[in-house]
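This report describes a structural model through its chain contact, its domains, its helix packing and selected backbone features. The model is shown first.

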There are 2 protein chains.
Amino acid sequence: MFSRSAKRGDKIAPFYVMELLKRAKQLEATGRDVVHMEIGEPDFPTPQPIIDAAVKYIISGAVKYTPAAGLPQLREHIAEFYRQRYAVKVDEQRIFITPGASGALLLALSASLNPGDGVLLADPGYPCNVNFARFLDCIPQAVPVDAGTQYQLDANLIRRHWHTGTRGVLIASPSNPTGTVIATAALEAAIAEVGRLQGYLYSDEIYHGLVYDEPAETALKFSDKVFVINSFSKYFGMTGWRLGWLIVPEAFIEITEKLAQNLFIASSAPAQYAALAAFTPQTISELEHRRAILGERRDFLYHGLLSLGFAIDCKPQGAFYIYADAKKFTGDSFQFALDFLESEAVAVTPGKDFGSHRADQMLRFAYTTSIDRMDLALQRLSNHLKRINHAN
Amino acid sequence: MFSRSAKRGDKIAPFYVMELLKRAKQLEATGRDVVHMEIGEPDFPTPQPIIDAAVKYIISGAVKYTPAAGLPQLREHIAEFYRQRYAVKVDEQRIFITPGASGALLLALSASLNPGDGVLLADPGYPCNVNFARFLDCIPQAVPVDAGTQYQLDANLIRRHWHTGTRGVLIASPSNPTGTVIATAALEAAIAEVGRLQGYLYSDEIYHGLVYDEPAETALKFSDKVFVINSFSKYFGMTGWRLGWLIVPEAFIEITEKLAQNLFIASSAPAQYAALAAFTPQTISELEHRRAILGERRDFLYHGLLSLGFAIDCKPQGAFYIYADAKKFTGDSFQFALDFLESEAVAVTPGKDFGSHRADQMLRFAYTTSIDRMDLALQRLSNHLKRINHAN
C-alpha cells in the first residue's frame, strides 16, 4: 500500500497551541494549577432548557436521521430569530442546519467555489477558515488588517487585493482572535463592493450575540445574496453538541441540499431537538445574563492587560478574546507563551496560530474563565514580566 | 453577487428516491397507509444503555468540545472491540471518532487522494461514495459487478480496471444496496492486489455486525495499511446521533488529525459519551437479539420476492437490503417504483440511485420494517404485478 499522504496535508499547518495544551496537561499531571486562557469555549454549561429538551427527546429512544437540511421546526425558529433580532426576513428554505459552523463553512465554500478560486480573508483570522479554502484546493488570500479597519476587511481592502482569480470574501465579525466588530457602514460597503466585483460574500457570524457595546448587524440586512454562517456553539452555549447553520442565496438552495445529503446525511438529531429550546424567552434570558458576565470579564482583562504594558489598539467589542500586542516584551510570542506556561502555569494562544501579520508579537487571551482566575493569571503575568525585565 | 454554483454541483446527481419520499408524504397526508421499504435506517430505537449513558452525561450540563480525534476512552473501547470480535490489534492512535461514517470517508479520501486521482468502486454501490470522490475532484471509476463476485470488487476486477491515474479502491461489505458480503479469501486477495499496485484500500464496514449467515472479516485482519470506515449507526442503532469511526494506517495519523481538527473541530460529545455504552454486554446482547430479528426478516423478504418472480441471483447475507431484479416486470424500475407507490402505497428505492449497471431493472427493498408490514407490502406487490400483467 501507499503511505504517501495527500498534498493538501502539506498546506495545512498544525495549531501551535496544541504544543501548549500538551505541556499544560503535563504540568497539571504534576499537580500544578494551570490557568487556561487559551480556550475558545465558554466555561458556562449548556442552558437548562436546552438540556431538558435534549433529554426529553433522547429518552423517547427514536433518535433517527432528520432531513438533510435540518428539522423544519428548527429552520422556522431560526427564521423567526432573524425577524425578531435583526428585523430581517429569511425564507426557511434558505436555512440549512449543519454539523457546527464547520459544516456550514464547508457547504458554503464548496457550493460556490471551484478549485483554484481565490478567497480574501483577514490576517489575523481563525486558522480553520484558511484551511477550509485549502482543503477545497482554493487559494486563501490573507489580507493584513489592523486597527484602522477594526481588524476587518473593508471595501477598500477588498478592491485593492482582488485579482483575476479572486472569487470570494470571508468576513468574520466579531473576529477571532481580535474580538473586533466590523462597523455597520463598513459591512454594507464591503457587501456592495463584492457585489460590484461579482464575487461571493461569506459572513461568519458565529460570535453574534456575544457583543458588549452595541449589537452587531447581520450581512443579511444588506443583501439576500450573501452566505451567512452561524452556530449554536458560542452564544447559545452548545459547543460540544456540534450544531450550526448556513443561510444561502436562493440560487444555491439546490446545490447546498445535494452537498448536505452527500457529505453529512443529516446533522445530529439530539442536538437539533435540543436547539429547539434555544430561542425560548427563558433560554435567551439566561444567555443575556451570561453576556453581561462576559462583558465584565472583557473590561477586567482589557484594563488588566493595558496596565501591564500590553498594547491593544482597537478595543474588542465581542467574542471572548483579546488580541494583545506583546512587542514591548518579546519578538517571539510563541516562545513567550511557552516560557510563560512553564514559569507561571498560564496558557495563552500565540499569534502565529492566526496568520503571519505581526503574528510574532501577538498573544490571544480568552476570557472564558472567571474574573478570579483571570486576576490570578494577571498576577502571574506581572511576575513573569518582572522576571523578564530582571533578566534583561 | 455571483449566483453561479460550483462545478462540483453539476457532477452530483440528486437521489431519485427523494421524489418517491416526497410523493409518499403527500399520499400519507391524504390518509393513505404507506409501507416504507425505502428507508436505510433500522426501525429499532437506540438501545437503552446507550440512551442512559447519554442522559447521564447531558444532565451534567458540561457538554464541551472533545479532542478532535475523539474521547480517549471511546477509542480504547473500539480497540478492545477489534481485539474481542476480530482478534485484531489496533493501536488507539490510529482510531479517529468522526461525525458519522460520512465524516470518516471524507477524512480517509482527503488524507490520501489528490485531485484527479481515480478510485475504483463497485456499481451498484452507495451513491454518496461516488459523490465524496467527486467532491474532492477525484475520479470515481465505477466497476460493474455481478453475482459472480458477490457484487463485490475482487483482485481480478481491480487489476483489470486499474489504470495509470487510479490510486484507490473502495470495498463496501456488506454492500448497500445488494447486502452481499465479500468472501474472506477475496478480501485478502483484493488487499494484496491493491498493495501490489501501490494503491490505497478503503474498507467500508458500516454494516459489519449485521450479517446473518457467518461473520464478516475486517480488512484489518490482512493489513494494517488499509483505511477502515465504520459507524455506530447501523449495528449499534445510533443513526440520528451521527457517529462513526475511521482507522488509518500509522503513516496517516498526523494528516488525519490535522484534517479532523480543521474540518470538524470534534464529533458530537453527547453521541460519544452515549457510545461509551455501546460495547457493554447488555447492549451487545440487545443488538444480537435485533440481528436475529433482521435475519428472519431477510429470509421472509427473500423468499417472498422470489415467489413473486423477482430474480435475486446472490443471496444477501448482510445489511438490511435486498436488491431484486425486476426485469421480468419492467425496463424502467424508477417508473415502476413511482407507479407502485401510486397504486399500492409501498415505497422502494430505484436501482438508478446506486449506479448505472443494470440500474433500470433493479429495485432495492429494505427490511427495516416488521414482517407484518412486509407481508402487507408483498400482498400489495402481488396485486400490482397482477394489474401490470392484466394490462399487458
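The sections below begin with conventions and then take up each topic in turn.

## Basis of the model

The model is predicted: local features need pLDDT of at least 70, side-chain atom pairs count only at pLDDT 80 or more, and totals for chains, interfaces and linings use all residues. Residues are numbered from 1 along each chain as its sequence is written, while chains are lettered from A and ligands numbered from 1 in the order in which they are written.

Helices (H or I, at least four residues) and strands (E, at least two) are DSSP runs, numbered from the N terminus.

## Contact between the chains

Chain A brings 70 residues into contact with 70 residues of chain B, two residues being in contact if their C-beta atoms, placed from the backbone, lie within 7 Å. On the side of chain A that touches chain B, the elements giving two or more residues are the helices α1 (8-11), α3 (48-58), α5 (100-112), α6 (127-135), α8 (184-196), α9 (253-264) and α10 (269-275), together with β6 (200-204), of chain A.

That side of chain A comprises 40 nonpolar, 22 polar and 8 charged residues. In this classification Ala, Val, Leu, Ile, Met, Phe, Trp, Tyr, Cys and Pro count as nonpolar, Asp, Glu, Lys and Arg as charged, and the others, Gly among them, as polar.

## Domains of chain A

Chain A is assigned domain 1 (8-45 + 283-385) and domain 2 (62-278); such bounds come from an automatic or database domain assignment. The C-alpha centres of domain 1 and domain 2 of chain A are 25 Å apart, and each of these domains of chain A contributes 34 residues to the contact between them.

On the side of domain 1 of chain A that touches domain 2 of chain A, at least two residues each come from α1, α11 (281-307), β9 (321-325) and β12 (362-366) of chain A. The most are given by α11(A), with 6 residues. By class, this side of domain 1 of chain A has 17 nonpolar, 9 polar and 8 charged residues.

## Individual helices

The 27 residues of α11(A) should span 39 Å at 1.5 Å a residue, and its end C-alpha atoms are 39 Å apart, which agrees; the expected span of a helix is 1.5 Å times one less than its number of residues. Buried residues in α11(A) are A:T283, A:L294, A:R297, A:R298, A:L301, A:G304 and A:L305. Here a residue is buried if 20 or more other C-beta atoms lie within 10 Å of its own, exposed if 12 or fewer, and partly exposed in between, with C-beta atoms placed from the backbone. The buried residues of α11(A) pack against α3, β9, β12 and α13 (371-391) of chain A. After α11(A) comes A:G309, with a positive phi near 105 degrees.

In chain B, helix α5 (residues 100-112) has 13 residues and reaches 19 Å from its first C-alpha to its last, close to the expected 18 Å. Because 13 of the 13 residues of α5(B) are buried, this helix is largely enclosed by the rest of the structure.

## Helix pairs in chain B

Axes are lines fitted to C-alpha atoms, for helices over the stretch in contact, and angles run from 0 to 180 degrees between N-to-C directions. The axes of α2 (residues 17-29) and α12 (residues 333-344) of chain B come within 10 Å and cross at roughly 10 degrees. These helices, α2(B) and α12(B), are therefore roughly parallel to each other; angles under 35 degrees count as roughly parallel, over 145 as roughly antiparallel, 65 to 115 as roughly perpendicular and the rest as oblique. In this pair, B:L20, B:R23 and B:A24 of α2(B) meet B:A337, B:L338 and B:L341 of α12(B), giving 5 nonpolar, no polar and 1 charged residues.

The axes of α11 (residues 281-308) and α13 (residues 371-391) of chain B are 11 Å apart, and the helices pack at about 10 degrees. That makes α11(B) roughly parallel to α13(B). Residues making the contact include B:F300 and B:L301 of α11(B) and B:L378 and B:L381 of α13(B). By class, the contact of α11(B) with α13(B) has 8 nonpolar, 2 polar and 2 charged residues.

## Backbone features in loops

A cis peptide bond, with omega about 10 degrees, joins A:D123 and A:P124. A:P124 is in the loop between β3 (118-123) and α6 of chain A. In chain B, the peptide bond from B:N176 to B:P177 is cis, with omega near 20 degrees, and B:P177 lies in the loop between β5 (166-172) and α8 (184-196) of chain B.

A:Y151 is not a glycine but has a positive phi of about 55 degrees. A:Y151 is placed in the loop between β4 (139-144) and α7 (155-161) of chain A and counts as buried, with 27 C-beta neighbours inside 10 Å. B:Q150, also a residue other than glycine, has a positive phi near 55 degrees. The loop between β4 (139-144) and α7 (155-161) of chain B holds B:Q150, which is buried, with 24 other C-beta atoms within 10 Å.
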